Structures are given as structure tokens and as C-alpha cells.
Amino acid sequence: MAFMVQITFAQERVISGVVSDDLGPVADISVKVKNTDRGTATDFDGNYSIKAKTGETLVFTHISYKTVEMVVGSSSRINATMKESGESLKEIVIIGAYDIKRTKPKTNIASTTVSVETIENRPNASLVQTLQGQVAGLEIISNSGQPGASSSVIIRGQGSLGGKVSPLYVVDGVPLNTENFRSFNENDIASVSILKDAGATAIYGNRGANGAIIITTKSGKFSSPLKVTYSLTSSFNHLQGNNYNLMNAKEQLELERLQGVGRGAGMTDAEISAVAKYSNTDWEKVFFRSGYSQTHNLSLSNGGKRVRSFTSFSFFDQEGILKQSDLKRFSVRNNLDGKSENEKFTYGTNVTINYSKSNTPNSIGSGAVNRNYILGAYQSVPYISPHDYTPGDANIPVVFANTPLFLLNRLDTYTRYVTEIKILGTIKASYKILDNLTFNTRLSSEFNETQLVTSESPTSFNAVLFAPPAGFQDQNTIRETTFDFVNSLNYTKTFNDKHTLDVGVYTEYIKGHRNSHGFRANGLTPSTFYPGDGSGFISDNGSDDFNVDTINADLRTAGLFSYFANIDYDFNSKYGVGATIRRDASFRFRETNRWGTFYSVTGRWNLDKENFVNSDVFNLLKLRASYGILGNQDVANTGFFFTDSKDQDLYSSGAGYAGQNALHLSQVGYTKLKWEETSQVNIGLDFNIKKLFYGSLDVYNKETLLLFTAFPTPYTSGTGSLDINSPGLLRNKGVELGMHYDFFKNNDDFNLTVNFVGAYNKSERFRSGLSTIREGGPLGEVYTYRYAGVNPENGHLLFLDINDNLTETPDPEADRVFTNKKVTPDYQGSFGFDMDYKGFFLSTAFNYIIGSYRYDFDYSGFVDPSAIGQFRHSRDILRAWTPTNRNTDIPALNAPGLSTYTGDRFLFNSDYLRLRNVTFGYNVPQKHLTGIKAIGLKSAKAFFTGENLVTFTGWRGNDAEGFDEDQNRYPTPRIISLGLVLGF
């Protein structure tokens, strides 16, 4: 049911997949690497991700299922199918910026602030996607077009092998434990700052090693009248399309006739023409659609002499381009600030309440012919018609050619949605004890509750095929609450008008609580069943175990404590130095290693203040440098609430001798386990020439030590490996450049600014101790044997052996080499311009990626001869070698080894240049609004926006963007939007 291509990477890598039973994906399945303490659990969709090496064994366990073991091969994707056990085993039981603010000339750090104008009214369901390409060194890659899907976000290269690599997100002082922004309203944002070097993030200590993204939301203004703003955006979402050159019905039947398999076998030309005339289905148009989206935002802001407020209401509704995928979001925000009459006491609150509901198809990216709509859209044979399916009829012959009929039935009978409640709240206050000494306190909280509801009708094709039981319903709820309490004393004083000193001392306490629970109801009554309703549940009748329900629950806590200080000194706005030191304690380590000390030092030299620099030319010319060491306590990248016991010996229950319940050693603790440490040196230059040409240049070297690694141990110890801090080193070094040039400025009629953002990053690993790691080689390098084309003499596949000799029978192990090809790009960035003329405005942003390679599993299926008669093919297969067509890139259809040898045959370059965004609009001049001032209209703007309009690439799939192999993946859409903003 799925095609497999062998892939081998040169190191321990991320293995991911979907765990299912006969009825679909299963949540809370324990996934562990055998004889190690590396483990995780499947999410609502049955997805898991874990670090493992080739040859290790993944163990999938659950109290309700039989244990499944699967050996890790060269593929990075392993799906598992669970079978019910038939017996019941007895279960043993921020920073915001910490209110630190600096002007651009007085900053010593590498940071970039994104303009709010580039964020507002964009049609993306996630803020992260809106930031793509805007910041040098900020790598954002979306692997799914599902509305609200998470993206991979990395600052300055992957900084860990087994630990967390994504940055810390902070919203109005609340450090977030989740990285999904589907419930966040981008129009509430006032600014986004990306902190990149150690000088910027050392104050975050325990979670700053991978950088930080600081989000500040809007506020009202003191002594200002009520301002009401309403915006409306309507969007149309479309599939970008592919270049696979797929066959139509006539061509597919002729290919089947040629091979003597499938429906076309033995058919005459007339019969083929008759079938093709009746049915030539483009299944892409059946399972995909043009989605419609709408966004409504209403904001109110005002302020008196002592109090100001900002309140917003938002509704977002986006249809995905894939059927059964969408997102609806409601959000309310209130930001309130106040101050006393003498302005010694200030206070503020930030509260946002968000609710979202999304229909999210599962099994995307898998080879499940009865569950994955993406597979059905492209691999379904075109001579099958939607008219061949009768709605409600589950009696479909079980042959692969009927794949689209299985999936049409699933559209009718399967329900899956996720609801989320997210509440962020902050209460803060400050009191000026002395003129230069202020006490600050802040209490922040993040609350998340997600619920997944999945149901499969008892009369569906899948329910009938896998019965008993007849249908099922899953309901799983996860509730997470975290609190962050920060107190500080801040001292600021200027001496003799030249010396300025800022000092702050802080304490921070973070505590979190997580509980989850859920059930699966097996067996549903067709007459009363309704998705999400319990009226159709069938109780166990005692005569069989077909309708035995299963339950799950989990309870976790987490905590961090820190105290830290920072100092910043400025002399005459010319020289500046700064330092931060922080002590952190993490719940993940035992007491002897619980504390870590992290620090940074920074310095700057404002050359534009020197007499030898022409200040009429250089408005800003600043040289800065920083060095620091930061910690990573999320050493297994499992989230805030997990991986809290790696220093302990643990035991688990399971089947023992003769199948009896028993306890067995499941983890050997490593008592010396401690923080990963990342050191970083950064040298930067900020410049502004005649207020026309401005930007920043940074060079950095980032090294991660004490890498979290699985160290092999003798099996006599009870485990095959031990998670330790490796003596190896991971290095990321690179260059970042951001430039802007105002060709025309300060003209009432015409302004034009050209923008460029570029970044180069090289990742290397040293002293790994593993034979499959090239010393100094790039992280994630593909390690496999090489494809060399088609043998013109016989049509067989040709490969290169380890000595560069041609062979038709390579050794998949002995002939592997380091290819110097990897998924992560070497170069990335964007360029474009901003222009306005007499109220009209136009902006563009082109994103580019250079140096990225990915496996195209979709294409491998379209040219696979063994799938003829079952699935659709590319016309490329018609170029297959024959005695009269010897010089070709497609091997003979009967060539030996087609399913045995692949190597890097389907590894392709995925570089691209994309018109990521273009916006055109008109700001109505005030003089044209005078006639309608009676209704209070003070401003009006209309605009057009296009996202992902054009992509230039050699990649043949639906979307060149991605961080994983391409196999039946949900592509990101092309979005066309029209919008209107009214101010009252």
C-alpha cells in the first residue's frame, strides 16, 4: 500500500511516522528506542518524532495493544500498525524584554525588528508564515498547507542534535510553551523583534540558546480620543500545481495494455477510447478546491490622562485547499495601562482569549489508500469516475485502483476536528522607589486546552472493512497551564551628561501543570450516532470484546527558577559595554547538576561620533561585538512538560515469562546529565548613510557543547545505550546582511525603498565518535550510494560503487558515500521594494532558497512500473528504455533491481525563487473624506495582496518549500486577497 525508498543519513536522525490501528491513527502510543531511555508519545493524529540511528529498534507500546517492534533502516519515516492485545494488563501506576529598551544607536546586540505594516492584514493563518523571509538568519519552512499548521523555525542554524532547536516565543512578557499560532490574531501586533546573538538572548538563560522572538501587542495612547478601526479581508486560496506530467485515462489504459495488467490489459483501441470518453477524471479537482477565507477585525483604542486601553475583536475563517480542512478562529484582546498622578506607580494588564476550531485531515503524508486524500488526488487512475461511487455505499471492491472511491466514502463518513482555547494574561506593576530606582513585578500565565474529536461512521467503508467493531469515536483533551512570576529592581542614572548606567537584578519562577485524558468508544449505533455525541455508543455485552472502550490519562508538572542581572554602560553615546549573568535551575536534572550559569558580554563603538568619520555622510556607523554562553534544558525536544527523569532508573510493566505481567528495566538513569551549552561570538556593523542607505552586517560563530547523545553501552547493563552529554561539537557559522536603500524619500508624490535580506549558514559536526558522521561535514548530510543513470546496453540501473566504478548491483552499505547534500539550505533570504505615489502603494517580497535537497517520493511512484494497473503514472515512463530507445533517463520497465536499488536516484535539488508577497493598495486622502465625515470616517484604505503567486524552481512537485521528503504532502496554497480598512 506504500512505496518504500531506502534513505540513509550520516548520523542519528529524526525518525517520524504515524501509528494507527485498524480504524485509524492512535494517540498516546508510547514510542521508545529499544534499550535506551529515548522516548515519546503519539499526538492526536498518531504522529510521533524521535531521534534514532540505523539499526536501532523502535518499540511501540500501549496497555490496550500488542507491542510492536520495528528496526530503523535508511528511511526517515516509519509507520506502525497496532493490534489490540485481547487482554488487560494491570497498569502501574520574560521575557517580554523584561522591560529593557534601547534605541538603535545604543544597542550592542544582533536583533531585527519587523515592521507592523508587513504583518497586518496578511491572509496567513499563522504569524510565523508572515515573518518568512523578512529577517536575515531566520529560517522558516512550512511543510503543510493545512490552515494554522506549524512551521519549522530556526535562528542561525540548528543548534542541537537531540534537544530543542526552535526559538523562544514571548508575547507581552508571557514565554510560550507552544509554537502553534493558529489561535493568535496578527492584527493585534505592534512589533516583532528577533533576538539572535548571545548578547541579546543571555537574559533568557535557560531557553535562549536558540534565539528568541519577542512579540509586543498594541496599546492605546494617553490623552487621546476614541479611535475605532475596522478591517475586512477576503481571500481565495488555490493549489500551486505540479510538473509531474501525469497521464490521462487513455494513456494510462494504453500503458496497462502494454504491460498486460490492470483494466487496460487486453483492451482494444476502441474499448480504450470508449472508457476514456466516459471517464477522464482529474482527481486533483475532486479532492482539492478553491478555498474562501475571510477576516474581520474591530479595534478600539483611547486614553485619558492616567489610563489608556486597546481592545480588539477578531474573526478568522479559512477554508483549506484540501477538502475537510479549515480553520475558524475567534479572539478578544484587552490591553490596559495606567499610572498614578505623580507617575511613580504604573500598572498594566494584557489579556487575550482565543478560540479556534479546525478540521484537520489525518494520514497526510502516508501511503494509506483508504485515508490520505492527497494520495487520492494524484495517484488515482483517471479512468475511474466519481460516478462509480454511490453515496452511502460501503461495498466497494478492495483493489488499489478503487482508491478514489474509498476516499470519497471517507469524505462522507469521517469527522475529525480540533478545538483550542488559548488564554494569555499578564498583570504588571512598577513603583519608582527613588528617582533612579524602580521595583517591577509581573505575573503572566498561559492556558491551553485542546480537544480532538475523531469519529468514523459505523456504515463507512473502513468500518465495514475492518469490522468489528462497527465504527469508533475518539475524544482526547489536553489542558496546560503555566505561570511566570518575575520581580526586579532597576537602576538608571546619567552622570555629568556623559555617563549612563543601567543595572537590573531579577528573579523568575516558572511553574507548569499538564493533564490529559480521553477515550475511544468502539462500536457505534447507526440510527443514533452523531459525531462528537455519545448517544450512539454501544456498551460491551459480555459475550465478546468487540465493543470494549479504552481510556487514557496523564498528569505532569514542570518548573524553572532563575536569578540574574544585567548591566549596561554608555559613554557619551560613543562607547557602550554590557554584561548579563544568569543562574538557572531546571526540573529536568538532579540536584547536583540542576543549576547552570550562563552569561554574555557586549560592546559597541559608534564610529559616527568620532571626528575622523564624516557625520554628514554617516548618520550611523556602529561596530559591535558580543560573546556569551547559553543553556538548553529541553535536551530531548519533547516540550516543556516532558523528559524530566533521564537521570533516574525506571521500570515499566509488561509481558514477562509465559506472558505474565511483570516489571522490567525500561531506563538506566545517567546521574551526570546536565545542560547543553551553546557559545556564540558575533561581530556586527550597523550603518545609515545619509538616511538613504541603511542596514546591518553580522558574522557569527555558534558552537554547541555537551551535546545530548545516546552513548552505546553493553547489553549486560540492561540497555543498549545511555543518554549522556557527548564530548562532540556542533558548529554553525555564517554571515547575515540586511540592506535598504531609499531611492526617493520625503517626497509627497513619490517614495521608493529597495530591500534585501540575505544569510549564509554552514553547519558542521566534530568529534562525533560515529563512523557514519563525516568529521566537519554538514548536519543532516545524505549518506547513500549514488545513482549514475541508465545502462544504454540493457536498460538496467547504474550506480557508482565506493571507488567510483559503475555497477548494476551496488552494496547498499559498503558503497555509501557522503554526498554533501542536505535539506537545510546554505543561502536564504528575500528582496523586494516598497513604493507609494499620491496615496497608491505597492510592495513586493521575493524569497529564495539555495543549497537544499529533498527526496521526491511522489515522483518515484509516478515512474514505478510495479504500480501499473493500480495507480496513475507520469508520461515520463513512456521514455523507458527499449532496444530502439537506448539513450534515456528511465530504465527498462522490467529492469532488475527497480524496487531494490534506489540510492539517491530520487534526491533532487529544491532551490526556489518565489514571489512570496505583493501588495497593492490606495490610501484615500483626507480631502476626499470630507464629504462623509458625518458618519465619523477619518481614514480609508483598500488593498490587494497576493501570497505565493509565482515560484521559479526545478522542483517538480506541488511545493518546492519543505523540510522533509515529499510524499503525498499537503502543499502550501497560492492566496489572492482583497481588503478594506476603515478608521473612525
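Predicted model: local features only at pLDDT ≥ 70, side-chain atom pairs only at ≥ 80, totals over all residues.

Colleague: Why is the pair of Phe287 and Tyr373 called stacked?

Modeller: Two rings pair if their centres lie within 6.5 Å, and planes under 30 degrees apart count as stacked. The centres of Phe287 and Tyr373 are 6.2 Å apart and their planes stand at 20 degrees, so the pair is stacked. Phe287 belongs to helix H5 and Tyr373 to helix H6, so the pair ties together parts that are 86 residues apart in sequence.

Colleague: Why is the aromatic pair of Tyr859 and Phe906 called edge-to-face?

Modeller: For that term the planes must be over 60 degrees apart. Between the planes of Tyr859 and Phe906 there are 65 degrees, with 6.2 Å from centre to centre. Tyr859 lies in helix H9, and Phe906 in the loop between H9 and strand S45.

Colleague: Are Tyr859 and Phe906 buried or exposed?

Modeller: The limit for buried is under 20%. Tyr859 has 8% relative accessibility, so Tyr859 counts as buried. Phe906, with a relative accessible area of 5%, is buried as well. Ring pairs link both into a cluster with Tyr244, Phe862 and Phe908.

Colleague: How do you know that the buried residues of H3 line one face of the helix?

Modeller: These residues are Ala249, Gln252, Leu253, Leu255 and Glu256. Viewed down the axis of H3, they fall within an arc of 155 degrees, so they line one face. Helix H4 is included in what covers them.

Colleague: What makes S9 and S13 edge strands?

Modeller: The open sheet has 5 strands in the order S9-S14-S15-S12-S13. Strands S9 and S13 each have a single partner strand, so one side of each is left without a neighbour in the sheet.

Colleague: How do you know that S14 and S15 are paired?

Modeller: Two strands pair if there are at least two bridges between them. Strands S14 and S15 are joined by 6 bridges and run antiparallel, with Ser191 opposite Thr216 in S15.

Technical notes. Residues numbered from 1 in each chain as written. Heavy atoms only, no water. Buried < 20%, exposed > 50% of the residue type's maximum accessible area, 1.4 Å probe, protein only. Helix = DSSP H or I, 4+ residues; strand = E, 2+ residues; numbered from the N terminus. Arc of directions from axis to C-beta. Contact = heavy atoms within 4.5 Å. Phe/Tyr/Trp six-rings, centres within 6.5 Å; stacked < 30°, edge-to-face > 60°.
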